[in-house]
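Thanks for joining, everyone. Please have the model up on your screens while I talk.

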Amino acid sequence: MMSRKISRIERALDALEPLEASCTLCPRECRVDRRQDKTGICRSGSRAALSSALLHFGEEPVLSGRHDRAASDPVEETSRRGSGTIFFTGCNLKCLFCQNYQISWLGQGREVSDAELAEIMLELQRRGAYNINLVSPTHFLTPILRALRIACGRGLKIPLVYNTNGYEKAEIIEKLAGIIDIYLPDLKYRSSRLSLRYSAAEDYFLRAGPAVQEMFLQQPDLVLDGDGIARQGLIIRHLILPGHVDDSLAVLDWMAQKLPPTTALSLMSQYRPCHLAPKDIRRPLSTEEYRLVVAGAKRLGFENFFIQPEFFRPDEHLLPDFDLPEPFRWKK
Ligand code: SF4
């Protein structure tokens, strides 16, 4: 089984490494020579760079472990093992409102060799992580695959989560078949006007839609183990923006047309205006806006969705601070 994964990784590397010479790994198609450390929009060179690697307890319960009884049940709290999350430096999308702007925009982090990255993955597994959660992996796809080749050869066996902003090329995602166990893409916008305004990517939906469909082809069903932890599947995240409920409903409409109602959907209420958020979205989401989108998802027949009612009310959400050694010791 593991040797099959390693041979898939080798096949993907054969296809993807040549792209580094004139980078077309993502829809930006900057065509810079990454091997010479020339940088494009993601501002990333040839080696992976990361900001943090930690056990994360704030992802969806199927990734981080349950947190519904944590507050009242200390045993439950300590038994959660968390998602082994690696936050990569830089981003190919760079939304103006990014809550991780310290790493995506400001470039906080350090370069690591393929061998170091492999050791980081193995250490997360040793610490009990349920999975390896690769956050913003696309611009470092080749060093990540090289690290995975080493780590899988040394016994990495927990599921791999591809946690992406969704601005992907379907033909690149195709190469990851048989490697990625859980796809966790954002589907941020339906409107090209909004994606241009907030993420300088007019073609966001034209790219993200087919990429998500490819992810669905590879991992259609969310498969859980006996403890309710995901082993494989697809979870589509949608962050609702204040004042743009209509676009959120348009995203859900598209999903309802293209994907079955059993598709796992995570409706995120945690938006807070960060970094360069323009004036029209410089406020948190209202509870009413969140309710409207959740009601829309129910109306469209989605059966399998995660909402953030108790822990992530818009007025209570806390932001990570990547300047801290433990970024998720939340600050307001
Ligand atoms: S991965 Fe980076 S350099 Fe390559 S096309 Fe995308 S933004 Fe440009």
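Serine 266 is buried, with a relative accessible area of 3%. Buried here means under 20% relative accessible area, with exposed over 50% and partly exposed in between, using a 1.4 Å probe and protein chains only. Serine 266 sits in strand S9. Helices (H or I, at least four residues) and strands (E, at least two) are DSSP runs, numbered from the N terminus. Leaving aside neighbours within four places in sequence, serine 266 is in contact with Glu60, Ile235, Ile236, Arg237, His238 and Phe306. Contact means heavy atoms within 4.5 Å.

A word on the source. This is a predicted model: local features need pLDDT of at least 70, side-chain atom pairs count only at pLDDT 80 or more, and totals for chains, interfaces and linings use all residues. Residues are numbered from 1 along each chain as its sequence is written, and side-chain values use heavy atoms, leaving out hydrogens and water.

Now helix H10. What does H10 pack against? Its buried residues pack against helix H8 (192-199), helix H9 (204-218), strand S8 (230-239), strand S9 (264-268) and helix H11 (287-299). Those buried residues are Val245, Asp247, Ser248, Val251, Leu252, Trp254 and Met255. H10 (residues 245-258) has 14 residues, which at 1.5 Å a residue should span 20 Å, and its end C-alpha atoms are 20 Å apart, so the two agree. The expected span is 1.5 Å times one less than the number of residues.

On to helix H8. Serine 199 lies in H8. Serine 199 is buried, at a relative accessible area of 1%. Not counting residues up to four places away in sequence, serine 199 touches Arg28, Leu93, Lys94, Cys95, Tyr189 and Leu194.

Take Lys94 from that list. Lysine 94 is in the loop between strand S2 (83-88) and helix H4 (101-104). Lysine 94 is buried, with a relative accessible area of 8%. Its phi is near 60°, a positive value in a residue other than glycine. Serine 136 also has a positive phi, about 55°, although it is not a glycine. Serine 136 is in the loop between strand S4 (132-135) and helix H6 (141-153).

Last, the ligand. Which residues are around the ligand? They are Cys23, Cys26, Arg28, Glu29, Cys30, Arg34, Gly40, Ile41, Cys42, Asn92 and His139, each with a heavy atom within 4 Å of it. By class, the shell has five nonpolar, three polar and three charged residues. Ala, Val, Leu, Ile, Met, Phe, Trp, Tyr, Cys and Pro count as nonpolar, Asp, Glu, Lys and Arg as charged, and the others, Gly among them, as polar.
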